[in-house]
Amino acid sequence: MAKHQIEVITSVERRRRWSREEKERLVAATLEPTASVSEIARSAGIHVSQLFRWRKELCRVSAPSVPQLVPVEVVGTLPVPTPALPEPPPAPRLRKKASMVMIELGGGRRLRVESDIDTEALARILDVLERR
């Protein structure tokens with residue numbers, strides 16, 4: 001038969017009371033960049049959720065109970081701006097009646113373009129045709 005060791009507890013074990021400084025020390029350790037909250041809790045002998053609760057309580061930013069007032073100085077009135085008139089929509093661009101222009105290129109070649117062609121585009125076209 002195997003003998004087993006048995007522990008008999010004769011007194012009531014009370015909860016441990018943690019001072020604010022001890023809580024702050026443990027919470028500060030959890031805020032380190034490489035800290036593991038579970039390892040810190042294990043080393044302190046507490047549950048991880050307890051450490052998270054302390055962290056939540058100690059890191060809470062309390063809002064001021066009295067609204068902060070800012071001094072204001074009134075220095076006169078500004079003239080009331082007149083409402084701006086809405087700009088009329090731009091007039092539709094009237095297009096001249098396009099006419100065709102015939103350009104003789106030589107060698108029996110001709111190029112027909114509309115008279116309102118972009119001059120830069122026409123110059124590029126003529127450069128390409130001259131190289132041929």
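Guide: Gladly, and let's begin with the largest pocket: its lining residues divide into two nonpolar, one polar and six charged. Keep in mind that this is a predicted model.

Visitor: Which residues line the largest pocket?

Guide: Arg15, Arg16, Arg17, Trp18, Lys23, Gln50, Arg53, Trp54 and Glu57 do. The largest share of that lining, four residues, comes from H3, and the pocket has a volume of about 270 Å³.

Visitor: Why is H1 called roughly perpendicular to H3?

Guide: The axes of helix H1 (residues 20-30) and helix H3 (residues 48-58) cross at roughly 100°. Angles of 65 to 115 degrees count as roughly perpendicular, so H1 is roughly perpendicular to H3. The two axes also come within 9 Å.

Visitor: What makes up the contact of H1 with H3?

Guide: From H1 come Arg20, Lys23, Glu24, Leu26, Val27 and Thr30, which meet Leu51, Trp54, Arg55 and Leu58 in H3. Contact here means heavy atoms within 4.5 Å. By class, the residues of this contact are five nonpolar, one polar and four charged.

Visitor: How do you know that strands S1 and S2 pair?

Guide: Pairing requires at least two bridges, and strand S1 (residues 100-106) and strand S2 (residues 109-114) have six, in the antiparallel sense. The two strands therefore count as paired. One of the bridges joins Ile103 to Leu111 in S2.

Visitor: What do S1 and S2 form, and how many residues lie between them?

Guide: They form a hairpin with two residues between them. In the turn, Gly107 has a positive phi of about 65°.

Technical notes. Residues are numbered from 1 along each chain as its sequence is written. This is a predicted model: local features need pLDDT of at least 70, side-chain atom pairs count only at pLDDT 80 or more; totals for chains, interfaces and linings use all residues. Side-chain values use heavy atoms; hydrogens and water are left out. Axes are lines fitted to C-alpha atoms, for helices over the stretch in contact, and angles run from 0 to 180 degrees between N-to-C directions. Angles under 35 degrees count as roughly parallel, over 145 as roughly antiparallel, 65 to 115 as roughly perpendicular and the rest as oblique. Ala, Val, Leu, Ile, Met, Phe, Trp, Tyr, Cys and Pro count as nonpolar, Asp, Glu, Lys and Arg as charged, and the others, Gly among them, as polar. On a 1 Å grid over the protein atoms alone, a cavity is a set of points where a 1.4 Å probe fits but cannot get out, and a pocket is an open set with protein on both sides within 12 Å along at least five of seven lines; lining residues have an atom within 4 Å of a point. Grid points are joined across faces, edges and corners, and a volume is the space filled by probe spheres set on the points.
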